[in-house]
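Take a look at the sequence and the fold shown here. What does a walk through this structure turn up?

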Amino acid sequence: MDRSWMHLRNKLCKEYLDGIKSFMKAAEQCANENNLVRCPCKECQNAFFKSLHIVKAHLKRYGIAASYTKWVFHGEEPEFVDNSQMNVGSMPGNRSAFTFDNEEDDDEMYNLIHDMWEPMSMDAFTLETNIEENVDMIHVDNREFRMCAGLLEKAGKSLFPSSKLSALSFIVKLMHIKVLNKLSNKAIDMVLQLLKDAFPEDTTLPSTTYDVKKMLKDLGLGYEVIHACKYDRALFWKEYEALEKCPYCGEPRYKFEGSKKKVPQKVLCYFPLKPRLLRLFISRHTARDMRWHQEKRVAEEGILRHLADGEAWKEFDRLYAWFTQEPRNVKMGLATDGFNPFGNMHNSYNMWPIILVPYDLPPWKCMKDPFMMSLLIPGPKAPGRDIDVYIRLLIDELKELWNHGVETFDASTRQTFHMHATVMWTINDFPAYGNLSGWSTKGYKACPVCNVETFSWKLNSKICYMGSSSIFATWSFMES
């Protein structure tokens with residue numbers, strides 16, 4: 001009997017599903033009086049007895065142990081070999097029929113896509129119903145399920161016959177190099193053409209950057225485009241979504257009224273927060289790291305290794321004990337500042353990104369990789385105090401995450417939990433602090449700490465703050 005299906009990566013393909021059918025027919029014949037059989041999935045490894053429909057669900061969810069080629073627990077007679085004549089080196093991979101398959105797959109991309117797909121199909125696989133019918137239903141009704149199935153198919157295709165990487169994994173790594181080294185699209189096009197000439201003819205490699213982006217579009221989380229008033233007075237969103245003019249200043253929404261092609265005056269790019277937080281727990285490796293601050297951090301009095309060692313974090317935990325009870329609840333920082341995207345100081349343009357940083361990760365990760373873009377506020381001028389018009393989208397989502405939370409699948413435990421999230425503080429320079437807080441950082445009372453007691457006076461055309469050193473004298477007096 002052909003059992004090559006046991007080595008297939010794509011657990012949604014027809015060959016794998018047909019293979020499960022053939023196995024289940026054999027398993028039904030050897031069920032015990034309670035209608036239970038050993039489960040040969042990669043998690044159970046024939047160590048546990050399960051009902052037939054649970055075994056079928058596990059085989060679709062986790063895959064069958066690839067080394068279990070002789071179904072000795074499911075009706076087949078074992079083959080007895082003379083130990084004196086057995087050549088251990090000739091056995092495939094030096095494994096027996098009972099070797100456990102706990103090793104991680106070499107292709108991390110394939111594991112990631114499986115982790116993405118698992119929460120979508122989890123309900124269908126745990127219900128005591130006909131699993132196959134549920135899969136067919138999801139194929140018809142769930143676009144995300146079909147998207148992940150397509151990604152699994154791409155991840156299952158090798159770059160070329162003897163390659164250790166799939167085409168999808170290779171492309172992701174190549175685009176990562178492009179971003180880290182700020183390579184242009186033209187440079188990547190030239191590299192791809194060179195690789196196609198160097199690799200074998202049957203290499204499944206895109207020819208251009210455009211083809212690469214089409215191939216990877218399902219891996220991305222996307223963003224929402226929201227029109228904004230030219231003078232930053234309002235967003236054409238929710239109650240103002242259908243308006244053609246700003247409800248406050250009357251400025252037209254589009255540049256050319258009456259023309260067939262409507263071009264908005266300003267466009268805000270909004271990157272929804274919830275799917276990005278959910279993505280942190282989809283990868284089993286990142287999901288474990290999100291609990292590092294609670295499970296693996298070494299707390300020593302007087303030593304600051306992580307933000308969780310700081311007084312602000314500890315005070316938050318004292319005030320909101322319900323939030324701290326779930327270590328996977330996310331604590332973030334918000335950072336913003338303006339920059340010129342053109343890199344040309346002669347071209348006056350100011351764009352403001354709003355970036356969120358999850359601080360639950362280990363310090364060597366939370367300060368580098370996992371920055372999440374939340375908003376990209378367009379120019380040409382800085383929004384100033386009208387920045388609150390734009391961050392309303394983020395504030396509404398943060399309120400929902402704080403008050404209600406969201407059901408989240410944890411790939412490391414393969415369980416769901418109710419995740420909440422909050423912003424602990426903001427990171428910005430003094431002018432940006434004034435925009436975010438609404439406090440005036442100019443004038444005689446510019447200090448947000450001293451407030452009305454700010455010691456300042458006018459010197460020619462400048463305002464001087466002469467009492468800034470007095471606080472050090474106060475601290476010195478208190479310490480003595």
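The paragraphs below go from the whole chain to its parts. The model is a predicted one.

Start with the overall count. The protein has 17 helices and twelve strands. It holds 480 residues, and 40% of them are buried. Now consider contacts between residues at least 6 apart in sequence. Of these, 57% join residues at least 24 apart.

Next comes the sheet. Six strands form an open sheet, in the order S3-S4-S7-S6-S5-S10. The pairing is mixed. Strand S3 (224-228) and strand S10 (421-427) are the edge strands, and each pairs on one side only. From one strand to the next, the twist averages 25°. A helix lies against this sheet. Helix H12 (residues 311-319) packs on the sheet and touches strand S5 (330-336) and S10. The direction of H12 makes about 150° with that of S10.

What holds neighbouring strands together? Strands of a sheet pair through backbone hydrogen bonds, either parallel or antiparallel. Look at S6 and S7 for a case. Strand S6 (residues 352-358) pairs with strand S7 (residues 372-377) in the antiparallel sense, over five bridges. Ile-355 has Met-373 in S7 as its bridge partner. Ile-354 has Leu-375 in S7 as its bridge partner. S7 also pairs with S4. Strand S4 (residues 266-270) and S7 run antiparallel and are joined by two bridges. Here Tyr-270 stands opposite Leu-375 in S7.

Is Val-357 buried or exposed? Its relative accessible area is 6%, so Val-357 is buried; the cut-off for buried is under 20%. Which residues does Val-357 contact, leaving aside its neighbours within four places in sequence? They are Lys-331, Met-332, Gly-333, Cys-366 and Phe-371.

Thr-422 touches Phe-316, Phe-323, Val-330, Lys-331, Met-332 and Trp-402, not counting residues up to four places away in sequence. Lys-331 and Met-332 are among the contacts of Val-357 too.

Leave the sheet for a hairpin. Strand S11 (residues 456-459) and strand S12 (residues 462-465) run antiparallel, and four bridges join them. Lys-458 stands opposite Ile-463 in S12. Two residues lie between the strands of this hairpin. Asn-460 takes a positive phi there, near 55°.

Now turn to the helices. Begin with helix H2 (residues 52-61). Eight of its ten residues are buried, so H2 is largely enclosed by the rest of the structure. The buried residues are Leu-52, Val-55, Lys-56, Ala-57, His-58, Leu-59, Lys-60 and Arg-61. Gly-63 follows H2, and its phi is positive, near 90°.

Helices H6 and H7 meet each other. The axes of helix H6 (residues 167-180) and helix H7 (residues 185-198) come within 11 Å. They cross at roughly 140°, and the crossing is right-handed. Which residues meet there? From H6 come Phe-170, Ile-171, Leu-174 and Lys-178. From H7 come Asn-185, Ile-188, Val-191, Leu-192 and Leu-195. By class, this contact has seven nonpolar residues, one polar and one charged.

Finish with helix H8 (residues 209-216). Thr-209, Val-212, Met-215 and Leu-216 are buried in H8.

Key
Residues are numbered from 1 along each chain as its sequence is written. This is a predicted model: local features need pLDDT of at least 70, side-chain atom pairs count only at pLDDT 80 or more; totals for chains, interfaces and linings use all residues. Side-chain values use heavy atoms; hydrogens and water are left out. Two strands pair if DSSP finds at least two bridges between them. Axes are lines fitted to C-alpha atoms, for helices over the stretch in contact, and angles run from 0 to 180 degrees between N-to-C directions. Contact means heavy atoms within 4.5 Å. Buried means under 20% relative accessible area, exposed over 50%, partly exposed in between (1.4 Å probe, protein chains only). A crossing is left-handed if the near helix is turned anticlockwise from the far one by less than a right angle, and right-handed if clockwise. Ala, Val, Leu, Ile, Met, Phe, Trp, Tyr, Cys and Pro count as nonpolar, Asp, Glu, Lys and Arg as charged, and the others, Gly among them, as polar.
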